[in-house]
Amino acid sequence: PPEHYGEARRLLRDKIGQGPRSTVHNATDQRRRVPVIIKRLDPAKATPAALTMYSDSVAALRKSNVPGLVHPLEIVANDPAPHLVYAPLEGQSLETAVQAAPLQWTRAVQIVSSLTTILAAVATATNLSHLALKPTNVWLTPDGSVLLLDHGIVALGPGAPLHRGTTWLEYRAPEQLDRAVGDPRADVFSLPVLLFALT
């Protein structure tokens, strides 16, 4: 059944995703009467310190005004639990696209090149690295554009490998698997791993 969330302002509907840090739901903002996406965060990981770090990263990313980044509309620390609010996106995740069939080589190169451009612009403007590159964090729009999601989300805890059928897929750099946060070199490692997986 629908559940009210955020001072009864938002009505949660169907769950559309789940990860190590959060569950994702379609929702309706009843005050503005528009659809939104709610990412409900694990309170054990979304501590006040972690949320502050994440909020600072998002503020820096917004200020950088780099095209291709998707930011939350709102970061809510509680009420009744920590969550992020996003505008809905048209299109599909790269993970969904790859599950249907391997991409053509030229399209895969174009996607990874677009990500490289976004990451380089962000690093130049903010000195921030993504550190969580994987197909679920890449979005393909109907016009072919490439968007990057969840920049800065590592502040809320490490990710987990993707599970596809009977296979576990890992995109993080080796030092991240050893519980290091990582630095720009981790993104450099993850990009060719992503390119390999796409084809």
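Me: Which residues are buried in helix 3?
Reply: Ala108, Ile111, Val112, Leu115, Ile118, Leu119, Val122 and Thr126 are buried in helix 3. Buried means under 20% relative accessible area, exposed over 50%, and partly exposed in between, with a 1.4 Å probe and protein chains only. Helices are DSSP runs of H or I with at least four residues, strands are runs of E with at least two, and both are numbered from the N terminus.

Me: Where do those buried residues sit, seen down the axis?
Reply: They fall within an arc of 120°, so they line one face of helix 3. The arc is that of the directions from the helix axis to the C-beta atoms.

Me: And which residues are exposed on the other side?
Reply: Trp105, Thr106, Thr117 and Thr124 of helix 3.

Me: What kind of model is this?
Reply: It is a predicted model, where local features need pLDDT of at least 70, side-chain atom pairs count only at pLDDT 80 or more, and totals for chains, interfaces and linings use all residues. Residues are numbered from 1 along each chain as its sequence is written, and side-chain values use heavy atoms, leaving out hydrogens and water.

Me: Back to helix 3. What do its buried residues pack against?
Reply: Helix 1 (48–64), helix 2 (94–100), strand 8 (138–140), strand 9 (146–148) and helix 5 (184–198).

Me: What is the angle between helix 1 and helix 3?
Reply: About 105°, with their axes 10 Å apart. That makes helix 1 roughly perpendicular to helix 3. Angles of 65 to 115 degrees count as roughly perpendicular, under 35 as roughly parallel, over 145 as roughly antiparallel, and the rest as oblique. Axes are lines fitted to C-alpha atoms, for helices over the stretch in contact, and angles run from 0 to 180 degrees between N-to-C directions.

Me: Which residues make the contact?
Reply: Ala60, Leu61 and Ser64 come from helix 1, and Val122, Ala125 and Thr126 from helix 3. Contact means heavy atoms within 4.5 Å.

Me: What follows helix 3?
Reply: Asn127, with a positive phi near 65°.

Me: Where is Leu131?
Reply: In the loop between helix 3 and strand 8. Leu131 is not a glycine, yet its phi is positive, about 70°. Most residues other than glycine have a negative phi.

Me: Is Leu131 buried or exposed?
Reply: Leu131 is buried, with a relative accessible area of 10%.

Me: What about Arg179, buried or exposed?
Reply: Arg179 is exposed, at 79% relative accessible area. Its loop runs between helix 4 (174–177) and helix 5. Arg179 also has a positive phi, about 75°.
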